[in-house]
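Welcome, and thanks for taking a look at this one. Below is a short briefing, grouped by topic, to read alongside the structure.

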Amino acid sequence: MKKRYYTLLLMALPLYSDMLISPLEVMSSTFKTKTVAQDSVILTPAEAKAVETTAKAEIGSKIVKVFKASNGGKIVGYGVLLNRKVRSKNSVILYTISPSAELKGAEVVAFNEPPEYMASAKWLSQLNNIPAAKIDESTKKIPTITGA
């Protein structure tokens, strides 16, 4: 019985090893509140197309995990969780956004590739506090990451 328990435990460890931080923790920390609601949103084809046009990138899935941070009933921020393939495995990033549509930052919440392929905290900090009107201009100045 004890041997089976340890075998099950060892099999389960890799399932959780990729989670670096909870999206709820990131939302609470970024927006200084403990009240965070989460929901899944299914985009219509028209909404998906509009997002892809605005973002100038494919979204991959029409199902989006959205978080809302509130304080005293007032929404103080949003989070959008996106799943992307890095090389051969997935990475999950939470983008935090203010009510005024300012990109507050990006946090890697799960990463399945070797750690050396993960964006550094310094690189991610370039995504902090970018107003919506300056996203295109600001992100063009950020050097890309490559494995070459």
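A charge is said to sit over a ring when NZ of Lys or CZ of Arg is within 6 Å of the ring centre and within 35 degrees of the ring normal. Keep that in mind for Arg87, whose charged end sits over the ring of Tyr117 at 4.2 Å from the ring centre. The model you are viewing is predicted. It contains five helices and five strands, and these follow the pattern α-α-β-α-β-β-β-β-α-α along the sequence.

**Overall picture**

- Of the 148 residues in the protein, 24% are buried.
- Taking contacts between residues at least 6 apart in sequence, 46% join residues that are at least 24 apart.
- There are zero aromatic pairs in the structure, while the Arg87 and Tyr117 arrangement puts a charged end over a ring.

**The sheet**

- Five strands make up an open sheet in the order β1-β2-β3-β4-β5, and their pairing is antiparallel.
- The edges are taken by β1 (35-42) and β5, each of which has a single partner strand, so one side of each has no neighbour in the sheet.
- From one strand to the next, the twist averages 25°.
- Strands of a sheet pair through backbone hydrogen bonds, and the pairing can be parallel or antiparallel.
- Between β1 and β2 (residues 63-71), which run antiparallel, there are eight bridges.

- Helix α2 (residues 23-31) lies across β1, β2, β3 (74-85), β4 (90-97) and β5.
- Relative to β4, helix α2 runs at about 25°.
- Phe31, setting aside neighbours within four places in sequence, is in contact with Ala69, Val76, Gly77, Tyr78, Thr96, Ile97, Ser98 and Lys104.

**The nonpolar cores**

- Which residues form the largest nonpolar core? Its 10 members are Val26, Met27, Phe31, Phe67, Ala69, Leu81, Val92, Leu94, Val109 and Ala110.
- At least two residues of this core come from each of α2, β2, β4 and β5.
- Helix α2 gives the most to this core, with three residues.
- There is also a second, separate core of nine residues, with Leu103, Ala106, Val108 and Phe111 among them.

- Ala110 belongs to strand β5 (residues 103-111). Why does Ala110 count as buried? Its relative accessibility is 8%, and the limit for buried is under 20%.
- Ala110 and Leu94, both members of the largest nonpolar core, are 16 residues apart in sequence and 9.4 Å apart in space, C-alpha to C-alpha.
- Thr96, found in strand β4, is buried with a relative accessible area of 3%.
- Leaving out neighbours within four places in sequence, Thr96 is in contact with Val26, Met27, Thr30, Phe31, Tyr78, Gly79, Glu102, Leu103, Lys104 and Gly105.

**Positive phi in the loops**

- Which loop holds Lys32? Lys32 is placed in the loop between α2 and β1, and its phi is near 50°, a positive value in a residue other than glycine.
- Lys32 is exposed, with a relative accessible area of 67%.
- Asn129 sits in the loop between α4 (121-124) and α5 (135-140). Although Asn129 is not a glycine, it has a positive phi of about 55°.
- Is Asn129 buried, exposed or partly exposed? At 43% relative accessibility, Asn129 counts as partly exposed.

Conventions: Residues numbered from 1 in each chain as written. Predicted model: local features only at pLDDT ≥ 70, side-chain atom pairs only at ≥ 80, totals over all residues. Heavy atoms only, no water. Helix = DSSP H or I, 4+ residues; strand = E, 2+ residues; numbered from the N terminus. Buried < 20%, exposed > 50% of the residue type's maximum accessible area, 1.4 Å probe, protein only. Phe/Tyr/Trp six-rings, centres within 6.5 Å; stacked < 30°, edge-to-face > 60°. Pairing = 2+ DSSP bridges. Axes fitted to C-alpha atoms, helices over the stretch in contact; angles between N-to-C directions. Contact = heavy atoms within 4.5 Å. Core = buried A, V, L, I, M, F, W, Y, C linked by side-chain atoms within 4.5 Å.
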